[in-house]
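Here are my notes on the model, as numbered points. Please read them with the structure open.

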Amino acid sequence: MLPTHTRTVFYISDGTGITAETFGNAILAQFDMKPRHVRLPFVDTEDKAHQVVRQINHTAELEGKKPIVFTTLVNMSVLRIIEEGCRGMLLDMFGTFIRPLEAELGVKSLHRVGRFSDVSVSKEYSDRIEAINFSLDHDDGQSHRDLSGADVILIGVSRSGKTPTSLYLAMQCGLKVANYPLIPEDFDRRQLPPALVPHRKKIFGLTIDPQRLSQIRNERRPGSRYADLANCRNEVSEAEAMMRRSGIRWLSTTTKSIEEIATTILQEVRPERLQY
């Protein structure tokens, strides 16, 4: 049987491999192809490197094509084994950027594996965990406690993308994010939920095309009034009108990825978080 994919792509790292995969996927998105993805994390010994070489070479023999291999390896002895032994197209992302930077800066890199050298003493890591816990505690209007400590408060109708955006901002950016669904009682009062009013400057709204909203809700509760297209149209219209009256910044999530939504929110609400 012929494979359903056009090429196998390996992402190899002595850490989690997330950086290699994210960067590699961004590059491969420029090509009309359907790759098979294989992430190989924690390749941190020479023995593991030899195992990886065998796996890559076996794939090359089976498919009759060079696998594409993205690496973010900082261990030079491990990288050398893969460079010398694998029959794939090797793209060493750290080497591409780190070595020229070492020459330009006149200093050697730390050759640190992963974003945090030691999570037990990293304030940035601790802050990120705290942000995730805050966002989970304040998901879907569960809690009004400590809203003054929130970096961002997201509002919008149910299933407009508030929860995934909140968690992405917490996990990737270390932001404490609360999110609140706008419900019929809010529309009847024609006002924001009272608990949110003192924090208006932190609020950002999400909206969505009613037809897309109906599709999403039907996956959860098919045939319900909650998912009915007319009801979705009414809720979206009322939510957008409320946000306009309240001077709340908002965007449509209909065709945007979580990454695009989060970046737009950062630009509008916390632009300093786009600077590292």
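1. In this predicted model, strand S5 (residues 152-156) runs parallel to S7, and the two pair over 3 bridges. One place to look is Leu154, which stands opposite Phe204 in S7.

2. S7 also pairs with strand S8 (residues 249-252), again in the parallel sense, here over 4 bridges. On this side Leu206 has Leu251 of S8 as its bridge partner.

3. Is strand S7 enclosed or open to the outside? Of its 5 residues (203-207), 5 are buried, so the strand is largely enclosed by the rest of the structure. In a regular strand, side chains alternate between the two faces of the sheet. In S7, Ile203, Gly205 and Thr207 point one way, while Phe204 and Leu206 point the other way. Residues on both sides are buried.

4. Gly156 belongs to strand S5. Its relative accessible area is 0%, so Gly156 counts as buried, the cut-off being under 20%. For a sense of distance, take His37: Gly156 and His37 are separated by 119 residues in sequence and by 35 Å in space, C-alpha to C-alpha.

5. The next point concerns aromatic rings. How many aromatic pairs does a search of the whole structure find? The search gives 2. In one of them, Tyr11 and Phe70 are stacked, with 5.7 Å from centre to centre and 10 degrees between the planes. Tyr11 sits in strand S1 (residues 7-13) and Phe70 in strand S3 (residues 68-72), so this pair ties together parts that are 59 residues apart in sequence. Both partners are buried: Tyr11 has a relative accessible area of 0%, and Phe70 has 1%.

6. Phe23 and Phe97 also form an aromatic pair, and this one is edge-to-face, at 6.0 Å centre to centre with 80 degrees between the planes. The pair links distant parts of the chain, since Phe23 is in helix H1 (residues 18-28) and Phe97 in helix H4 (residues 93-105), 74 residues apart.

7. On cysteines, a disulfide is a covalent bond between the sulfur atoms of two cysteines. How many disulfides does the structure hold? The number is 0. Cys86 counts as buried because its relative accessibility is 11%. Cys173 is also buried, with a relative accessible area of 18%; the cut-off for this class is under 20%.

8. The last point is about empty space. Rolling a probe the size of a water molecule over the atoms shows where such space is left. The second largest pocket holds about 390 Å³. Its lining consists of 20 residues, and those nearest the centre are Arg159, Ser160, Gly161, Lys162 and Pro164. Which elements give two or more residues to this lining? They are helix H6 (162-173), strand S6 (177-181), helix H8 (210-220) and helix H10 (258-269). Sorted by class, the lining of the second largest pocket has 6 nonpolar, 8 polar and 6 charged residues.

How values were computed: Residues numbered from 1 in each chain as written. Predicted model: local features only at pLDDT ≥ 70, side-chain atom pairs only at ≥ 80, totals over all residues. Heavy atoms only, no water. 1 Å grid on protein atoms, 1.4 Å probe; cavity = no way out; pocket = protein on both sides within 12 Å on 5 of 7 lines; lining within 4 Å. Points joined across faces, edges and corners; volume = space filled by probe spheres on them. Nonpolar A, V, L, I, M, F, W, Y, C, P; charged D, E, K, R; others polar. Buried < 20%, exposed > 50% of the residue type's maximum accessible area, 1.4 Å probe, protein only. Pairing = 2+ DSSP bridges. Disulfide = S-S within 2.5 Å. Phe/Tyr/Trp six-rings, centres within 6.5 Å; stacked < 30°, edge-to-face > 60°.
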